Amino acid sequence: MKKILILFAHPAFHKSLINKTLMEAIKDLDGVTVNNLYEKYPDFFIDVPVEQKLLTQHDIIIWQHPFYWYSAPAIIKEWMDLVLQHGFAYGTHGRALEGKWAMSCISTGGRKEVYSAEGKNRYTINQFLAPFIQSASLCRMENLPPFVVHGSNTLSRDDIKKFADDYRKVITLLRDNEIDSEQLNTMEYMNEIIKHDA
Ligand SMILES: Cc1cc2nc3c(=O)[nH]c(=O)nc-3n(C[C@H](O)[C@H](O)[C@H](O)COP(=O)(O)O)c2cc1C
């Protein structure tokens, strides 16, 4: 069984619908640790040794957050700047994360169609996630496709519940090492691994 660390960041958790529902759906799973960064560090004083120890204790690292300004809420950047130190996460002797898996789980206000070369936002989600993908690569981690919830304002409670159920299935498959690595290469989003009847 793989151990999964969710690096959860929502600066207005009391207003969250999507991320709160997703997080509620997975937080009781064995082998899953939810690390709620805004709750833990409201003053942004991140405890680097504590965070590094958490990383070494897990096999799969997931950044879960709403998409803010085509990126992540600020504490994720602060966490990356401080925790992914040279000599720990990268560099000749920085091999603490080698072979672990990295994934983003994000919700966006924008619908899927606007995240394309022809769409209003001009770039795909995977293009916007380049800093996360390349940071993980620099740290010798393997990247998984992101789990994405688009069009957050347009979703019904039932829609959100379905995304939360799928997220729980994805996390369970990852934890139990039941992901087909061939299939990973063909997917844009991790959501696609869960089959729905037409
Ligand atoms: C400060 C801020 C920036 C945002 N930037 C984006 C953005 O760049 N692209 C986008 O599609 N949605 C953007 N949104 C919409 C949020 O992504 C959306 O409200 C959120 O994913 C909903 O999840 P929640 O219910 O967990 O808050 C932004 C919202 C806020 C408050």
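## Cavity lining

The lining of the largest cavity is made up of 9 nonpolar, 3 polar and no charged residues; here Ala, Val, Leu, Ile, Met, Phe, Trp, Tyr, Cys and Pro count as nonpolar, Asp, Glu, Lys and Arg as charged, and the others, Gly among them, as polar. This is a predicted model, in which local features need pLDDT of at least 70 and side-chain atom pairs pLDDT 80 or more, while totals for chains, interfaces and linings use all residues. Residues are numbered from 1 along each chain as its sequence is written, and side-chain values use heavy atoms, with hydrogens and water left out.

The largest cavity holds about 70 Å³ of space, and the count is 1 cavity of 30 Å³ or more. A cavity is a set of points, on a 1 Å grid over the protein atoms alone, where a 1.4 Å probe fits but cannot get out; lining residues have an atom within 4 Å of a point. Grid points are joined across faces, edges and corners, and the volume is the space filled by probe spheres set on the points. Among the lining residues are Trp63, Met103, Asn126, Phe132, Asn143 and Pro146. Strand E4 (101-107) and helix H6 (130-138) each contribute at least two residues to this lining, and E4 gives the most, with 3 residues. Helices (H or I, at least four residues) and strands (E, at least two) are DSSP runs, numbered from the N terminus.

## Ligand site

The ligand is surrounded by 16 residues, of which His10, Ser16, Leu17, Ser107 and Tyr115 are the closest; a residue is near a molecule if one of its heavy atoms lies within 4 Å of it. By class, this shell has 8 nonpolar, 8 polar and no charged residues.

An N or O atom in the side chain of Ser16 is 2.7 Å from a ligand oxygen, and for the side chain of Asn19 the distance is 2.8 Å. A polar backbone atom of Phe67 also lies 2.8 Å from an oxygen atom of the ligand. On its own the ligand has 640 Å² of accessible area, of which the protein covers 72%; accessible areas come from the Shrake-Rupley method with a 1.4 Å probe, and for residues only the protein chains shown count as cover.

## Loop residues

Most residues other than glycine have a negative phi. Tyr70, in the loop between strand E3 (60-66) and helix H4 (74-83), has a positive phi of about 60 degrees. Arg140, in the loop between H6 and strand E5 (142-143), has a positive phi near 65 degrees. Tyr70 is partly exposed because its relative accessible area is 35%, and Arg140 is partly exposed at 25%; buried means under 20%, exposed over 50%, and partly exposed in between (1.4 Å probe, protein chains only).

Thr108 lies in the loop between E4 and helix H5 (125-128). With a relative accessible area of 1%, Thr108 is buried. A polar atom of the Thr108 side chain is 2.6 Å from the backbone oxygen of Gly110.

## Arg157

Arg157 belongs to helix H7 (residues 157-175) and counts as exposed because its relative accessibility is 65%. Thr21 is 136 residues from Arg157 along the chain, and their C-alpha atoms are separated by 9.6 Å.

Technical notes
A polar contact is a pair of N or O atoms within 3.5 Å; within protein, one must be able to donate a hydrogen and the other to accept it, and residues adjacent in sequence count only if both atoms are side-chain atoms. On a 1 Å grid over the protein atoms alone, a cavity is a set of points where a 1.4 Å probe fits but cannot get out, and a pocket is an open set with protein on both sides within 12 Å along at least five of seven lines; lining residues have an atom within 4 Å of a point.
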